[in-house]
Amino acid sequence: MDIIISNSIDKPIYVQIKDQLKTMIINETLKEGDALPSMRLLAKELRISVITTKRAYEELEREGFIETVGGKGCFVAGKNLDFIKEEQQRLIEEHLQEAVSSAKNIGVSLPELVDIITLLYKEE
């Protein structure tokens, strides 16, 4: 599992794990029914505490992204497409908020920002 932990950002490690797993589920790198690594194995691979991986998994389960089967492990839950779309929109809003803040800090006007976004959108 390709999860990258950074100690140089402000996000707690369990949030970094949760966010990366959530992204893998949303973009279907991890599909419904796929098994996640055990909490112990993931903790060992990332060289972190099992408590940290446990917290990430608990939050993912609470948010409906994974489900735990007693004695078998954690699996990607069946997806509600409306929920996933809402989640993706929330992530887009977060990124756009960061972009708007950065633009304001350096004096980029709203029309200039719209032009940049339009250009980037057309490139995709």
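This is a predicted model: local features need pLDDT of at least 70, side-chain atom pairs count only at pLDDT 80 or more; totals for chains, interfaces and linings use all residues.
The structure holds eight salt bridges.

**View 1. A salt bridge joins E59 to K18.** The closest N and O atoms of E59 and K18 are 3.2 Å apart. E59 lies in helix α3 (residues 50–62) and K18 in helix α1 (residues 13–26), so this pair ties together parts that are 41 residues apart in sequence. E59 has a relative accessibility of 13% and counts as buried. K18 is buried as well, at 10%; the cut-off for a buried residue is under 20%.

View 2. K18 is found in helix α1, and its relative accessible area is 10%. Leaving aside residues up to four places away in sequence, K18 touches A56, E59, L60 and E63. Of these contacts, E59 is the salt-bridge partner shown in View 1.

**View 3. A salt bridge joins E63 to K22.** Here the closest N and O atoms are 2.6 Å apart. E63 lies in the loop between α3 and β1 (66–69), while K22 lies in helix α1, so the pair ties together parts that are 41 residues apart in sequence. E63 is partly exposed, with a relative accessible area of 25%. K22, in contrast, is buried, with a relative accessible area of 5%.

**View 4. A network of salt bridges.** The residues linked in this network are K18, K22, R55, E59, R62 and E63.

View 5. E58 is partly exposed, with a relative accessible area of 38%. K54 is also partly exposed, with a value of 40%.

**View 6. The two sides of helix α3.** T53, A56, Y57, E59 and L60 are the buried residues shown in α3. They cover an arc of only 160 degrees around the axis, which puts them on the same side of the helix. I51 and R62 are exposed on the other side. The buried residues of α3 pack against helix α1, helix α2 (39–46), and strands β1 and β2 (73–76).

**View 7. The length and ends of helix α3.** The helix has 13 residues, and at 1.5 Å a residue it should span 18 Å. At the N-terminal end, S49 caps the helix: one of its side-chain oxygens lies 3.0 Å from the backbone nitrogen of I51. G64 follows α3, and its phi is positive, near 90 degrees.

Methods:
Residues are numbered from 1 along each chain as its sequence is written. Side-chain values use heavy atoms; hydrogens and water are left out. A salt bridge is a side-chain nitrogen of Lys or Arg within 4 Å of a carboxyl oxygen of Asp or Glu. Helices (H or I, at least four residues) and strands (E, at least two) are DSSP runs, numbered from the N terminus. Buried means under 20% relative accessible area, exposed over 50%, partly exposed in between (1.4 Å probe, protein chains only). The expected span of a helix is 1.5 Å times one less than its number of residues. The arc is that of the directions from the helix axis to the C-beta atoms. Contact means heavy atoms within 4.5 Å. A polar contact is a pair of N or O atoms within 3.5 Å; within protein, one must be able to donate a hydrogen and the other to accept it, and residues adjacent in sequence count only if both atoms are side-chain atoms.
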